[in-house]
Amino acid sequence: MLAPATIRAADALLKVAHTVDQPTGVWHAKPQQLRRVTALKLQVTTGGGADLRQLTCLVCFDDYPVLKGIECSGHDVNGKVEKHFICEECLAGHVASAIDADAIGDFSRRGGVRCVDPQCTAQPFSDSCLA
């Protein structure tokens, strides 16, 4: 079984990653690389296989593997949690527009960068997701 080896490999990568929490880390990984390693570890530890879903970006409407973007934490719609997906490229534009000089007041009032769906009540994305 590959699960123990995968968990050890993910732990080793995360241990040497240069992050805000670990400024002495030697692996200067891109944020999406860290998200993928963390997601792989989570999938293996919860007993699930690789997440092979293809999701449609809410901004550009292209289909992407789930690990090529980010989903909001979701909100309740008639008893069902509805999540929204945004690809990495559109996420970069969304973050840039959320923190520009014209929108900084909204950014402060909302508590951070939120889902692109204006009706979504999900919590803002965490700094580690956006890093």
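**Figure 1. Surroundings of Cys72 in the predicted model.** Leaving aside neighbours within four places in sequence, Cys72 is in contact with Lys83, His84, Cys115, Cys120, Ala122 and Phe125. The coordinates shown here and in the other figures belong to a predicted model. Cys72 also takes part in the largest nonpolar core, where Cys57, Cys72 and Ile86 touch the most other members.

**Figure 2. The largest nonpolar core.** This core holds 17 residues. The elements that give two or more residues to the core are β6 (85-87) and α3 (88-98). The largest contribution is that of α3, with four residues. In soluble globular proteins, nonpolar side chains tend to be buried together.

**Figure 3. The buried side of helix α3.** Cys90, Leu91, His94, Val95 and Ala98 are the buried residues of α3. These residues lie on the same side of α3 because they cover an arc of only 135° around the axis. Their packing partners are β3 (69-71), β6, α4 (104-110) and α5 (127-130).

Figure 4. His94 belongs to helix α3. With a relative accessible area of 19%, His94 is buried; the cut-off for this class is under 20%. Apart from residues within four places in sequence, the contacts of His94 are Ile86, Val113, Arg114, Cys115 and Val116.

**Figure 5. Asp117 in the loop between α4 and α5.** The loop that joins α4 and α5 contains Asp117. The relative accessible area of Asp117 is 18%, so this residue counts as buried. When residues up to four places away in sequence are not counted, Asp117 touches Leu58, Glu82 and His84. One of these partners, His84, is also in contact with Cys72.

**Figure 6. Phe61 in the loop between β1 and β2.** Phe61 is found between β1 (54-56) and β2 (63-65). The phi angle of Phe61 is near 65°, which is a positive value in a residue other than glycine. Phe61 counts as exposed, at 59% relative accessibility.

**Figure 7. Ala17 in the loop between α1 and α2.** Ala17 is placed in the loop between α1 and α2. Its relative accessible area is 1%, so Ala17 counts as buried. Beyond the neighbours within four places in sequence, Ala17 is in contact with Gln22, Gly25, Trp27 and Leu34. Ala17 and Cys129 are 112 residues apart along the chain, and their C-alpha atoms are separated by 15 Å.

**Figure 8. Gln22, in the loop between α1 and α2.** Gln22 lies in the loop between α1 (3-16) and α2 (31-45). With a relative accessible area of 28%, Gln22 is partly exposed. Not counting residues up to four places away in sequence, Gln22 touches Leu14, Lys15, Val16 and Ala17. The C-alpha atoms of Gln22 and Thr38 are 15 Å apart in space, and the two residues are 16 residues apart in sequence.

**Figure 9. Val20 in the loop between α1 and α2.** Val20 has its place in the loop between α1 and α2. Val20 is exposed, with a relative accessible area of 78%. Between the C-alpha atoms of Val20 and Gln119, 99 residues apart along the chain, the separation is 31 Å.

**Figure 10. The chain as a setting for the close-up views.** Five helices and six strands make up the secondary structure of the chain. Their order from the N terminus is α-α-β-β-β-β-β-β-α-α-α. Along the principal axes, the C-alpha atoms fill a box of roughly 45 × 40 × 25 Å. The chain has 131 residues, of which 27% count as buried. Of the contacts between residues at least 6 apart in sequence, 39% join residues at least 24 apart. The accessible surface is about 8700 Å², and 58% of this surface belongs to carbon and sulfur atoms. There are 13 positive and 15 negative side chains, with the centres of the two sets 8 Å apart.

Note on methods: Residues numbered from 1 in each chain as written. Predicted model: local features only at pLDDT ≥ 70, side-chain atom pairs only at ≥ 80, totals over all residues. Heavy atoms only, no water. Buried < 20%, exposed > 50% of the residue type's maximum accessible area, 1.4 Å probe, protein only. Contact = heavy atoms within 4.5 Å. Areas by Shrake-Rupley, 256 points an atom, 1.4 Å probe, with all protein chains shown as cover. Lys, Arg positive; Asp, Glu negative; His and termini not counted. Charge placed at Lys NZ, Arg CZ, Asp CG, Glu CD. Core = buried A, V, L, I, M, F, W, Y, C linked by side-chain atoms within 4.5 Å. Arc of directions from axis to C-beta.
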